[in-house]
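This briefing concerns one protein chain and is arranged by topic. Please consult the sequence and structure below before reading on.

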Amino acid sequence: MTSSPLTLLEVEALAREAHEGQTDKAGRPYAEHLAAVAEGVRSRGGSPEQQAAAWLHDAIEDEALSLTWLESAALPQAVKDIVLAVTKRPGEPVEEYAARILATPGALLVKEADLAHNADPARLCELDAPTRDRLSAKYAYVRSLLGLTAP
């Protein structure tokens with residue numbers, strides 16, 4: 001018997017719990033970033049599956065949840081595919097990462113919302129200048145690879 005897919009609210013609660021105690025580079029609770037990316041996806045017209053993927057977009061990469069968990073989770077395959085697409089792999093060239101995002105239906109919108117929040121001047125101004133400059137250049141390069149123009 002298959003269980004019914006997790007609801008968006010269940011995915012949000014699960015992501016918040018998985019990232020509990022984690023902070024972003026500015027020391028803010030990590031769940032604030034997840035919420036901003038999910039809202040960015042929603043406001044850009046993203047589907048519920050894309051919004052669920054936004055809540056989970058860093059879970060595997062940050063080891064908040066395991067790949068085994070994702071594989072067996074009661075989630076639509078589209079959500080799993082997007083999460084895997086936006087998960088950076090150790091040692092992976094950024095060009096391959098971008099190509100995988102572009103090749104995965106629905107992933108580009110999630111990554112666009114992620115980059116928009118990461119590059120938010122209000123967030124970046126809380127970082128030291130070398131970190132801010134390094135991340136700004138990194139985000140701009142990924143945006144160019146993905147064909148995204150405005151932040």
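Which helices each supply at least two residues of the lining of the largest pocket? In this predicted model, they are α2 (30–43), α6 (94–103), α7 (107–118), α8 (121–124) and α9 (129–146).

**Largest pocket**
- The largest pocket holds about 480 Å³ of space. Its lining comprises 28 residues, of which Lys25, Lys88, Asn118, Lys138 and Tyr139 are the closest to its centre.
- Sorted by class, the lining has 12 nonpolar, 12 charged and four polar residues.

**Helix α2**
- The end C-alpha atoms of α2 are 20 Å apart, in agreement with the 20 Å that its 14 residues should span at 1.5 Å a residue.
- Buried positions in α2 are Tyr30, Ala31, His33, Leu34, Val37, Ala38, Gly40 and Val41. These buried residues pack against α1, α3, α7 and α8.
- Gly45, which follows α2, has a positive phi, near 85°.

**Largest nonpolar core**
- In soluble globular proteins, nonpolar side chains tend to be buried together.
- The largest nonpolar core contains 41 residues, and those with the most contacts inside it are Leu56, Leu75, Val79, Val83 and Leu146.
- Two or more residues of this core come from each of α1 (8–18), α2, α3 (48–56), α5 (77–86), α6, α7 and α9.
- Leaving aside residues up to four places away in sequence, Leu56 touches Val11, Leu14, Ala15, Leu65, Trp69, Leu75, Val79 and Val83.

Notes:
Residues numbered from 1 in each chain as written. Predicted model: local features only at pLDDT ≥ 70, side-chain atom pairs only at ≥ 80, totals over all residues. Heavy atoms only, no water. 1 Å grid on protein atoms, 1.4 Å probe; cavity = no way out; pocket = protein on both sides within 12 Å on 5 of 7 lines; lining within 4 Å. Points joined across faces, edges and corners; volume = space filled by probe spheres on them. Helix = DSSP H or I, 4+ residues; strand = E, 2+ residues; numbered from the N terminus. Nonpolar A, V, L, I, M, F, W, Y, C, P; charged D, E, K, R; others polar. Core = buried A, V, L, I, M, F, W, Y, C linked by side-chain atoms within 4.5 Å. Buried < 20%, exposed > 50% of the residue type's maximum accessible area, 1.4 Å probe, protein only. Contact = heavy atoms within 4.5 Å. Expected span 1.5 Å × (residues − 1).
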